[in-house]
Amino acid sequence: MKRKRTPNEMQNITSFFAKKNPTPTSLPHPTQNEQTITPPQESEQLSSPSHYSTQNSPQNEQGQCSPNAPIFGQRLSEHEFANLPQDPGKRRKMSQFHKDDRDLVRRIYIQRKPCQPKDFTFPQTSIFGKNRRFCAKWFDTWTWLEYSVEKDAAYCFPCYLFKDENAFGGDAFVSDGFKSWNRSDLIRKHVGKHLSAHNNVVLAMDLFKKQNSSITQALTKQTAESTNAYRTRLEASIESIQWLLLQGLPFRGHDEKESSLRRGNFLSLLSLISKGNPEYSKVVLKNAPSNCQLTSPKVQKDIINACAKETTKAMLEDIDGGLFSILADESADVSDKEQLALCLRYVNRKGEVCERLLGIVHVESLLMEHSLSFSQVRGQGYDGASNMQGSINGLRTLIENECKEAYFVHCFAHQLQLTQVALAKKNSDCAWLFVDVLAPLLSFVGGSPKRKEFLRENQAQRVVDALSLGELETGSGLNQERGLGRPCDTRWGSHFKTILNVLDLFPVILGSLEDIAKVSDTIDSNRAQTLTNLLMSFDFVFVAHLMVSIFAITNALNVALQKHEQDIVNAMAMVNVTKTNLQKLRDEG
């Protein structure tokens, strides 16, 4: 059976652990005798015993921490850096400092130099019946040696600063201190041979003092300079690309060699910016490394994509989860590949109506990519929606199925023009005759510069004759030359102007067709004669005047709906008025 411990033994054990493991709650309060250590000057060599009073020790004899000592592992303040103890017996281990503070602590102690109180009267200690003490001449023999007045022990200055705790050898000169004054040979043994632990830390301290000339420091400095130069070079490229994107200008040139006079907009603008900014001129183009100029097409595309993402991000933040409408248009490039441009129309936080381009891809995947739900869609518009084909066809049905409760406004202008066509097709023969005459006429007369010249000469002669007869007035802006432009396939508003020009230039067109028939070959002469006969027919004249009456009513609405500041309430009111006038024309016209 184990013997039970007595109360005195338990009290001794408790006091033993209290000495070894002091807790913050047992820290004593500072007394009046405790003073703050004044930091010595860099060149000051402490030699007086008064600098090493035990009252200034961070640890008292019982092993408890002084209230002025910083907590291990925490960052030191400026005051604590200035009051680091000079006596080696009072210092904390280097591993107990925060890792980001250790280099600064080393610099401070190196500037102070080792603690060597040469004028101090060293106390004697009885060793094997003889009084022994530290010898001041040892400071001259071993310049790295330092002495602790607090503990009457010798320490190794470089080993304290740079020796790893796990390294072998020399522990007595770092932790507890050397006190065997009768064994100076142990000091020589501590130095050891060329690759000893002491010599390694001395070399480490020398390299630490010469960091500005070391390879590591040189590489670090070079890396920092390269990073700053790279950042400046990137800023110059981004600034140039942002301006070109804002203006919608092309980037590359046909010949981008240095000898070329026209290297493209991007390189020319980058060169211009560098001339006005000394910081840019030092790091761009010729002054940049050949493998890091940041001017290649790939780098340009990466920066453009980054700008596009930032722009889209700003637009989505502007929407802020609100409702929006979709505006889409489709076109095919030279390779007959379909592309869909998708715009969002919304009201921002300031109450302003904004239209922003979201992208040119498949609409469903584009909305999902930017976390825009179909439930937020409150309108959709398509310019020339009937021309959409392939995978884009049926887009409107897709969105309507996804949000059946949404209110859709499907391009008022386009629906209005469909109404105009329906009215014109009341007499389908006359309507198609009008289409069959007008389209070939514009293509035949306006398709050749020589034929346009006939029309221009006849028109000028007509104006001269009218002025001579007094039928026209002279003045600024009057009697302007008119032409027969080809109407756009999807912009019905251009038809009204075309019909007005045809009716106004009707005599001129007939005279031009007659002149063309005289000087052209058989095929063109027959075409001119056929068009003349069709223009002289009653059906064409009737349908032309009918379409002028219809377009005169709808043109005001067509122009108003193209304005950016137009609101939905006013637009619906104008649509109702236009429908009323069209119905009145049908009933009474």
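Let's start in a loop: Asp152 sits between strand 3 and strand 4. Helices (H or I, at least four residues) and strands (E, at least two) are DSSP runs, numbered from the N terminus. The phi angle of Asp152 is near 50°, a positive value in a residue other than glycine. Asp152 counts as buried because its relative accessibility is 15%; buried means under 20% relative accessible area, exposed over 50%, and partly exposed in between (1.4 Å probe, protein chains only).

Before going on, a word about the model. It is predicted, so local features need pLDDT of at least 70 and side-chain atom pairs count only at pLDDT 80 or more, while totals for chains, interfaces and linings use all residues. Residues are numbered from 1 along each chain as its sequence is written, and side-chain values use heavy atoms, with hydrogens and water left out.

Now for the overall picture. The protein has 21 helices and eight strands, and 33% of its 589 residues count as buried. Take the contacts (heavy atoms within 4.5 Å) with a separation of 6 or more: 63% of them link residues 24 or more positions apart.

What about the inside? A nonpolar core is a set of buried Ala, Val, Leu, Ile, Met, Phe, Trp, Tyr and Cys residues joined through side-chain atoms within 4.5 Å. The largest one here has 35 residues, and Phe134, Leu145 and Leu161 touch the most other members. Several elements supply at least two residues each, among them helix 3 (102–112), strand 3 (145–148), strand 4 (153–156) and helix 5 (157–162). Helix 5 gives the largest share of this core, five residues. If you look at Phe134, leaving aside residues up to four places away in sequence, you'll find it touching Phe122, Phe139, Leu145, Tyr147, Ala154 and Trp181. There is also a second, separate core of 20 residues, including Leu438, Leu455, Ile509 and Ala528.

Next, follow helix 20, which covers residues 538–560. Its 23 residues should span 33 Å at 1.5 Å a residue, and its end C-alpha atoms are 34 Å apart, which agrees; the expected span is 1.5 Å times one less than the number of residues. Helix 20 also bends by about 40° at Thr554, where the bend is the angle between axes fitted to the seven residues ending there and the seven starting there. Thr554 is one of the buried residues of helix 20, along with others including Phe540, Met547, Phe551 and Leu557.

Finally, the charged pairs. Side chains of opposite charge can pair when their charged atoms come close. A salt bridge is a side-chain nitrogen of Lys or Arg within 4 Å of a carboxyl oxygen of Asp or Glu, and by this rule the count comes to 10.

In helix 3, Asp103 and Arg106 lie three residues apart, about one turn of the helix. Their side chains meet in a salt bridge at 3.1 Å, N to O. Asp103 is partly exposed because its relative accessibility is 39%, whereas Arg106, at 14%, counts as buried.

Helix 18 (residues 506–519) has a pair too: Lys518 and Glu514 are four residues apart, so about one helical turn separates them. Their salt bridge is 3.9 Å, N to O. Lys518 is exposed, with a relative accessible area of 62%, and Glu514 is partly exposed at 47%. Salt bridges that share partners also join Arg75, Asp100 and Asp101 into one network.
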